[in-house]
Amino acid sequence: MSIKRKVFKTEHFQKQEKKYSEHCCVPLCSASAKFNGILSFHGFPTHSDLRRQWLVNIRRDHFTITSHTRVCSRHFASDQLIEPTTLDGRRRLIKGAVPTLFEWNGYKVEPPRRSQSLTRDHDYCSVPEPSVLDISASAAEDLSKDVESLRKEIQELRVQREFGLQRFAGSDTDIRFYTRFPSYDHLMAFWFLIEPCIYKMIRVSRAKSAANRNEELLTPARTSTRQLLQPIDEFFLFLVFLSVGLKERDLAHRFNIHQSTVSRIIATWTNFLATALGSQCIWLTREEVQAYLPEEFKDFSDTQMILDCTELRCQTPSSPLLQSEMYSSYKSHCTMKALVGIAPHGPELFKQSGIAEKLTEDMAVMVDKGFLITDCCKCKVYCPPFLSKQKQMPAYQVKETQAIARLRVHVERVIRRIKQNKLFDSIITMSHVYNINQLFAVACMLSNYQNTALVKKWVK
């Protein structure tokens, strides 16, 4: 009895014995004839138009075709392939076949859209009714109004989302809170004063790179340099930092920029405003002071300015020597000292300020008891008398003290205005020590633009 064996035909992915390995040139296709015996690989047609169509379909316009360039059969539809009739035969393409199945279309071909036939009965000479035209025109006008309304809403939402000056332009209360300027109009008036000098601004990053190369920086950066914020928004960022005292990380989140960019903007605008405002002569001559001297100063008519000193708490330095020099027994903390002087409408610090050189013998300054500057300047010094060894002040000294104190209080009001900038409320970190002198000077000079008169009845 003979046993018949049933033989199953199987297909194997085995290595083909060829001198070279054929690869598919279609992008995103990794088919190769090295380990693939099922796919067939077809060369490009010789006809120029058909070959160009192949290149367009496989998305390889500028491609050099060689005799070994192939496209595998998986990119052709089944009706474009001619299967072999024998085991040793080869799969061929029909005439005019074009690859249409790719990775980017999911190896599918969308059916062609059915075009409406133009042979239907239709009167192309007919004219629509006027009412239909009116309805269409009205609908189009309504749609255009809706589109314009949506555009305005998108613009308003975009402004509300962005933390910039334009967002608070309609609220003088917010402008006062974030910038210390009384209104948006006052802020823009100041901006128009400094705007012509913006193109001369030298960025801190550019100055540092020039210093590292030992180059002299004479010209500002080109206006084509890419900036993340507009100059007026950078100015607004600096005012928010100074007035509200926000941290750099908080400002980075609000303005949607990096924290290091915030630091560079603050340093750049500190230097720019210190230079621009510091270049203005704020020292009044004796004739100018006398011309606007209030009546309350009739007993001290030769007063040129009123001096006072203030302190800013700072981070305790690591150096014991600096700790001893910066420690204030009055504040019980390490502080930085600042000298403030105002027109009528500390000895070592007084010497370093350069004010003594501007005072002449026919001028006078008004100070507090702690200012022992009589030997440092040529002018007269109005200072409240000391009690010394007396048990009680005479009546004339009490009246003199009251008169001086009543006038000297104005410099304390100015200091209070300056310290309304919340940056000086908190402890100054060591990262801002390098430019704290400029920051305080800018705050003092900005107070001349940000506020109204100290005493309204003096305003004429």
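Student: Which residues have the most contacts inside the largest nonpolar core?

Tutor: In this predicted model, they are F235, L237, F238, L251, W269 and F424, and the core holds 73 residues. F235 touches L187, F190, W191, I194, W269 and L273, leaving aside residues up to four places away in sequence. Another core lies apart from the largest one; it has 18 residues, among them F41, I58, F76 and A97.

Student: What makes a set of residues count as a nonpolar core?

Tutor: The members must be buried residues of the nonpolar kinds listed for a core, joined through side-chain atoms within 4.5 Å. In soluble globular proteins, nonpolar side chains tend to be buried together.

Student: Which residues of α4 are buried?

Tutor: Helix α4 spans residues 184–194, and its buried residues are Y184, L187, M188, F190, W191 and I194.

Student: Why are these said to be on the same side of α4?

Tutor: Their arc around the axis is only 160°, so they are placed on the same side of α4. On the other side of α4, D185, F192 and L193 are exposed; the cut-off for exposed is over 50% relative accessible area.

Student: What do the buried residues of α4 pack against?

Tutor: They pack against α3 (172–179), α6 (231–244), α8 and α13 (436–450).

Student: Why are α4 and α8 called roughly perpendicular?

Tutor: The two helices pack at an angle of about 80°, and their axes are 12 Å apart. The range for roughly perpendicular is 65 to 115 degrees, and α4 and α8 are therefore given that name. F190, W191 and I194 of α4 make the contact with W269, F272, L273 and L277 of α8. By class, the contact of α4 with α8 has seven nonpolar residues, no polar and no charged.

Student: Why does R408 count as buried?

Tutor: R408 is found in helix α12 (residues 395–418). Buried means under 20% relative accessible area; R408 has 8% relative accessibility, so R408 counts as buried. R408 touches I306, D308, M366, V367 and D368, not counting residues up to four places away in sequence.

Student: Does Q397 count as buried or exposed, and why?

Tutor: Q397 is also found in helix α12. At 11% relative accessibility, Q397 counts as buried, the cut-off being under 20%. With residues up to four places away in sequence left out, Q397 touches P385, F386 and Q390.

Student: What puts the buried residues of α1 on the same side of the helix?

Tutor: Helix α1 (residues 48–57) has W54, L55 and N57 as its buried residues. They cover an arc of only 165° around the axis, which places them on the same side of α1. Their cover includes β1 (41–43), β2 (70–72) and β4 (92–93).

Student: Which residue just after α1 takes a positive phi?

Tutor: R59 does, with a phi of about 60°.

How values were computed:
Residues are numbered from 1 along each chain as its sequence is written. This is a predicted model: local features need pLDDT of at least 70, side-chain atom pairs count only at pLDDT 80 or more; totals for chains, interfaces and linings use all residues. Side-chain values use heavy atoms; hydrogens and water are left out. Buried means under 20% relative accessible area, exposed over 50%, partly exposed in between (1.4 Å probe, protein chains only). Helices (H or I, at least four residues) and strands (E, at least two) are DSSP runs, numbered from the N terminus. The arc is that of the directions from the helix axis to the C-beta atoms. Contact means heavy atoms within 4.5 Å. Axes are lines fitted to C-alpha atoms, for helices over the stretch in contact, and angles run from 0 to 180 degrees between N-to-C directions. Angles under 35 degrees count as roughly parallel, over 145 as roughly antiparallel, 65 to 115 as roughly perpendicular and the rest as oblique. Ala, Val, Leu, Ile, Met, Phe, Trp, Tyr, Cys and Pro count as nonpolar, Asp, Glu, Lys and Arg as charged, and the others, Gly among them, as polar.
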